[in-house]
Amino acid sequence: MSHTRPSADTPELLRADGLQKSFGTHQVLKSIDLAVRKGEVLALIGPSGSGKTTVLRCLNGLEIPDAGSVSFESGPAVTFDSATTQKKAQVLRTRSAMVFQNYNLFPHKTVLENIIEGPVQVQKRKKSEAITEATELLDRVGLAEKRDAYPHQLSGGQQQRVGIVRALALKPSLLLFDEPTSALDPELVGDVLRVIKELADEGWTMVLVTHELAFAREVADEVVFMDQGVVVERGHPDIVLRAPQNIRTQQFVHRLLNPF
Amino acid sequence: MNIDWNLFLESFWPIVRGGLLGTIPLALISFVLGLAIALLMALMRLSTNRVVSFIARAYISVIRGTPLLVQLFVIFYGLPSIGFTIDPWPSAIIAFSLNVGGYAAEVIRAAILSVPKGQWEAGYTIGMSRTTTLRRLILPQAARVAVPPLSNTFISLVKDTSLASVILVTELFRKAQEIAAFSQEFMLIYTEAALVYWVICLVLSTGQSRLEGRLDRYVAH
């Protein structure tokens with residue numbers, strides 16, 4: 001099955017307006033607007049320090065923006081200012097799930113316990129149900145036999161696939177990926193990307209921060225190139241990654257495709 | 001030197017009894033209460049609220065900056081003069097709990113801080129509140145780090161309970177003092193008391209290693 005691109009009249013799932021964020025005197029985000037349609041895969045690319053990870057973390061309130069707002073389709077917009085508390089941002093997290101660069105699995109829990117922690121403790125679903133679902137998901141990513149292992153007994157690629165399953169088990173409407181393959185050994189990257197590709201083909205909505213340009217070109221419906229806290233260029237991957245209009249995008253893409 | 005083995009054997013059970021009925025319950029109760037105080041103080045110390053954090057800081061500073069014996073005297077001999085008379089046992093438990101609370105607070109705070117920030121974030125992103133993340137994810141991981149230093153605190157506490165003898169609590173050392181005074185065999189009886197303390201601490205150390213082993217099961221070796 002290949003990924004069906006959402007059309008222009010597909011409703012928006014997530015909308016972020018005017019996101020601003022400073023760390024000390026350094027302004028990391030200078031008014032970022034973003035919209036993600038249902039079923040859309042959006043790839044955020046850009047050099048280190050461009051603010052792409054910060055944007056992603058603002059979408060689920062891990063980072064509290066200094067200004068701007070984030071809203072999900074039906075819910076009210078969460079408007080941020082300097083006094084916004086973590087508690088207010090918690091609303092956003094019920095709609096999305098995140099996959100981290102360093103997996104952030106819970107080391108004191110088995111693979112299965114990692115996955116059912118959210119569904120059982122937060123969503124108050126039946127434990128037996130959660131276990132059945134978790135087992136199915138693990139089977140899908142080829143890790144059924146690892147359900148009772150502890151994270152440290154797994155390779156990086158396996159840990160990241162567990163990280164993805166942990167996110168899926170929450171049944172979120174949006175998946176956020178923060179450089180999901182950047183901490184992996186090169187030979188393990190493929191396993192993880194394959195899983196993400198399958199999810200895209202299934203119609204999951206996702207925002208993906210990545211350095212894998214070839215992968216972004218294959219799965220993304222829209223690519224957003226950021227540099228120094230602003231969106232420099234956005235559009236169809238074939239345009240942004242193959243024939244970028246902006247000089248900064250051109251330089252970035254060229255550098256990544258020709259590292260030497 | 002002539003060792004009076006008869007006296008040694010005769011006094012053995014009374015001393016051990018003092019340990020079982022005095023020292024061990026005193027240490028256990030004080031440690032549990034002390035840990036509760038310590039956890040509270042550690043969390044207050046980590047609070048972003050300056051007043052709350054200051055209160056915890058002041059508490060820890062006072063407890064660690066004054067001798068345990070003096071704390072014990074203030075509670076047992078001092079408080080009655082301002083109208084609060086507390087019996088020996090509760091006095092000892094209050095003093096030891098407060099003391100453990102001060103020392104263990106720093107251990108627990110450091111242990112909480114040793115858990116990577118990503119663990120908090122992972123908790124938040126699966127929808128957990130700060131409190132649930134702390135309880136379900138952070139504290140279990142912090143426990144692993146805290147067990148060795150807290151075991152030291154506990155072993156010190158077991159020995160420190162001998163100070164309760166000066167406020168008339170009948171524990172191991174108080175018992176030994178009575179027997180020594182009666183028999184005038186100071187060297188024999190106090191050595192015997194020391195041996196019993198040592199054996200208690202040996203047992204506790206074994207328990208510590210087993211607990212550490214259990215908590216280490218999820219860590220790469």
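Leaving out residues up to four places away in sequence, A:L175 touches A:A97, A:V99, A:A167, A:L199, A:W204, A:T205 and A:M206, where two residues are in contact if their C-beta atoms, placed from the backbone, lie within 7 Å. This is a predicted model, in which local features need pLDDT of at least 70 and side-chain atom pairs count only at pLDDT 80 or more, while totals for chains, interfaces and linings use all residues. Residues are numbered from 1 along each chain as its sequence is written, and chains are lettered from A and ligands numbered from 1 in the order in which they are written.

**The nonpolar core**

- A:L175 is also one of the residues that touch the most other members of the largest nonpolar core, which has 126 residues, and the others are A:L44, A:M206, A:V207 and B:I108.
- A nonpolar core is a set of buried Ala, Val, Leu, Ile, Met, Phe, Trp, Tyr and Cys residues joined through C-beta atoms within 7 Å, and a residue is buried if 20 or more other C-beta atoms lie within 10 Å of its own, exposed if 12 or fewer, and partly exposed in between.

**Chain B as a whole**

- Chain B has eight helices and zero strands, with helices (H or I, at least four residues) and strands (E, at least two) taken as DSSP runs numbered from the N terminus.
- The C-alpha trace of chain B spans about 70 × 50 × 25 Å along its principal axes, and buried residues make up 36% of its 221 residues.
- Among the contacts in chain B with a separation of 6 or more, 76% are between residues 24 or more positions apart.

**Helix α4 of chain B**

- The 27 residues of helix α4 (residues 88-114) of chain B should span 39 Å at 1.5 Å a residue, and the end C-alpha atoms are 39 Å apart, which agrees; the expected span is 1.5 Å times one less than the number of residues.
- α4(B) bends by about 30° at B:A104, the bend being the angle between axes fitted to the seven residues ending there and the seven starting there.
- B:G101 lies in helix α4 of chain B and counts as buried because it has 23 C-beta neighbours inside 10 Å.
- Leaving aside neighbours within four places in sequence, B:G101 is in contact with B:G34, B:I37, B:A38, B:M41 and B:I63; the C-alpha atoms of B:G101 and B:I63, which are 38 residues apart along the chain, are separated by 8.4 Å.

**Where the chains touch**

- In all, 21 residues of chain A are in contact with 19 residues of chain B.
- α3(A) gives the most to the side of chain A that touches chain B, with four residues.
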